[in-house]
Each structure stands twice: as structure tokens, then as C-alpha cells.
Amino acid sequence: MLVVMRHGATAEDIQLVVALIQEMGCSAKTLPGGQRTAVAVVGNDGRLDGTRFAALSGVQDVIHVTRPYREVSREWHPDPTVVQLSDGGAIGDREVVVMAGPCSVESERQILTVAHAVREAGATVLRGGAFKPRSSPYSFQGLGKPGLALLARARQETGLRIVTEVMEPGEVDAVAEVADIIQIGARNMQNYPLLKGAGRTKKPILLKRGNAATIEELLLSAEYILAEGNPNVILCERGIRGFDSATRNLFDVSAIPVIRELSHLPIVADPSHGIGRRSMVQSMARAAVAAGADGLLVEVHPNPDHALSDGAQSLHPAQFRDLMHQCRLIAEAIGRRIAEPATVRS
Ligand code: PEP
Ligand code: MN
């Protein structure tokens, strides 16, 4: 970090900056220039709070040289993380893992029907929310614990692994009993008690990007989970809020290669929430695989027009089969392949 002083900064101003740097456990190196002085912070491992300098007398600017995260960064951990799933299988290696299913678990019949359909099409993980974060308190809030039991039933019947959302720190253990991957949704990306709770399990965590979060903020949220002791984090791009109402969100396909450079963690894409319109989900899924996503999270419903949540972006099973076919071709073209259910030991 470099603290740049104003042109007229006094020796006392500079001394105050030096003293604060030392108080924070680092050493300071004063760099006098023709126009102004800068003070370099030496020994900063990225944890220093630069905002403490901004309002000091004589300070013009604070320039960050070190990134504010460490455990998630590729700079510190160059080898890619491969998150191992229960019963074999992994996310972050050559195989692209497809997770598919309804937005919400609605009934036994619905979840079992869709579980069989996505498995036949080639998905290896079943998605479905039992606890639903809805924008309106009057919308369907999910079945809660009975929904988890239905997911367990679907797992038993199909051998598919389960990804499902947790919303409260107190529910992490209950969700972990059923989930092979615990989802933290976009709305909870900065729910720090929840991130810490997720960090205390060893289960894989699928952390979705908040809909107005920068990539740096996503990585800092992941850092919370790693800092707490859980290295099994899968990042998920799911679209950010844009200015154009033509689509539900702005699917940031560029986040995939950016995150790949900045972090060693696997990055998956959710084209369903990313674009929000059924007819366009396949194109975004193709783009995500082409951009190097390690997996896809896709909403599929046996009867999307009657879905209790996110029906407009949920694919019919036949559309999902097409998507799988297209994505297999694209994965192959870039030297990868889609993980197949045959690799699931059920
Ligand atoms: C979901 O996966 O259904 C969901 C609520 O996603 P997000 O948190 O990305 O909105
Ligand atoms: Mn949804």
C-alpha cells in the first residue's frame, strides 16, 4: 500500500502516517519526491485497513498494491483447487459438472419427476431450494425441512448429489445432512455470520455472486469461508443488476476468466438467473462452458408454467436435454468434457 501525501503536507502529517503504519504492525518507508512525498507500507499481507489513512491530515490518496484477500488468491496459491464431492466426483478438474433441477422443491412428485429427467439428460447434481430467499414476503417461501427430506429421497432414488440453499447460520448443520454442496445465495453473499457458519463445516460451499457485488467483494466473501477453515468453496456467477430491463440480470460471462486469473477456486455459472428468460438460457450456458466454467447450475421444471418460483427461466426437460447436447460439443472443443452420471456411484 502506498499512502500519497498532498503537495503541502507537513513533516507532522507524514510522521502521523508513519506512526499509524507502525501501530498496525507494518514498517513504513518514506519516499520523498519532487512534488510530494509518498509513504510505502512494508509487510502488508493484505489485511491492513487502508481506509484509516484516507481522512488523515495531508493525505491525498491511498493506492493498494496488495490485494485485500489472500487465501482465495491465485497469487498465493497458484495450483487450482479441485473440490471433491461425496461419493467421488469433483468440481474444478477437466470435467464440467452440471447441476440441474427446479428453483424450489414443491412436492414429492415434482422433485422426483425432475430428478429422473435431469439424470437421464446427463446431470450429476440435483438442485432445488427448500429454504427460498424471495424478494416478496408473500411469495412461496419454500417447503423448509420437509423439502430437505424430499431432496434426500430424490438422492436415494437417483444417486444424484444434492445442492441446496442455506439461509441461516443455525440451519447449516440440518442442510449439511442432506446437501452434498451447500448453496449460499446471491442475497446472502455478504451475510457474514452465515459465511462463518459455512466455514465451520467441511462441506463444499457454492457461493453465488451478489447481484450488485464486484468480483473483489465475491472473493472477499469466499475468503471468510476459507479463513474459518473450509477450503471447499465453489464460486458462482449468476448475473448482476444491469440498467437494461431486456433481461432479468446482466450475465457477466467475463467474470469466468477474470476469476480464473485472480483465484484458484472453481467457478461455475448459473445461466438461468443470469439471464432470467427460458428461451435464452441455452445460449448463456453455451457461452459459460466456452468461457471455461467448471460447472453449470440450471433451473429445470417438469411444468415450468406452473412453477411456484422462477418458472419464466426454468427449462422444460426437453430443452435441458438439448442444452446438455450442445454443451458436450463445446466442452469437447476446448479439451474438456461434461461429467456423466455413470461416474456417480449410487
Ligand atoms: C436460486 O438458486 O434459486 C437462487 C435464489 O439464486 P440467487 O441466489 O442467485 O438469486
Ligand atoms: Mn431460482
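User: Two strands pair if DSSP finds at least two bridges between them. How many bridges join strand S8 to S9?

Analyst: Three, and the two strands run parallel. Leu126 has Ile162 of S9 as its bridge partner. Helices (H or I, at least four residues) and strands (E, at least two) are DSSP runs numbered from the N terminus.

User: What should I know about the model itself?

Analyst: It's a predicted model: local features need pLDDT of at least 70 and side-chain atom pairs count only at pLDDT 80 or more, while totals for chains, interfaces and linings use all residues. Residues are numbered from 1 along each chain as its sequence is written, chains are lettered from A and ligands numbered from 1 in the order written, and side-chain values use heavy atoms, leaving out hydrogens and water.

User: Is S9 mostly covered or open?

Analyst: Mostly covered: five of its five residues, 161–165, are buried (under 20% relative accessible area; exposed is over 50%, partly exposed in between; 1.4 Å probe, protein chains only). Arg161, Val163 and Glu165 point one way, with Ile162 and Thr164 pointing the other.

User: Switching topic: which residues hold the manganese ion?

Analyst: For ligand 2, they're Cys103 (SG), His273 (NE2), Glu299 (OE) and Asp310 (OD), at 2.0 to 2.4 Å. Donors are N, O and S atoms within 2.8 Å of the metal (3.2 Å for Na, K and Ca), and sites may look incomplete since water is not among the atoms. The spacing in sequence is C-x169-H-x25-E-x10-D.

User: Where do Cys103 and Asp310 lie?

Analyst: Cys103 is in the loop between S7 (95–101) and H3 (108–121), and Asp310 in the loop between S14 (295–299) and H11 (317–333), so the pair ties together parts 207 residues apart in sequence. Both residues are buried.

User: How many disulfides turn up?

Analyst: Zero in the whole structure, where a disulfide is a pair of cysteine sulfur atoms within 2.5 Å. For Cys236, the nearest cysteine sulfur is that of Cys103, 13 Å away.

User: Why does Cys103 count as buried, and what about Cys236?

Analyst: Cys103 counts as buried because its relative accessibility is 3%. Cys236 is buried as well, with a relative accessible area of 0%.
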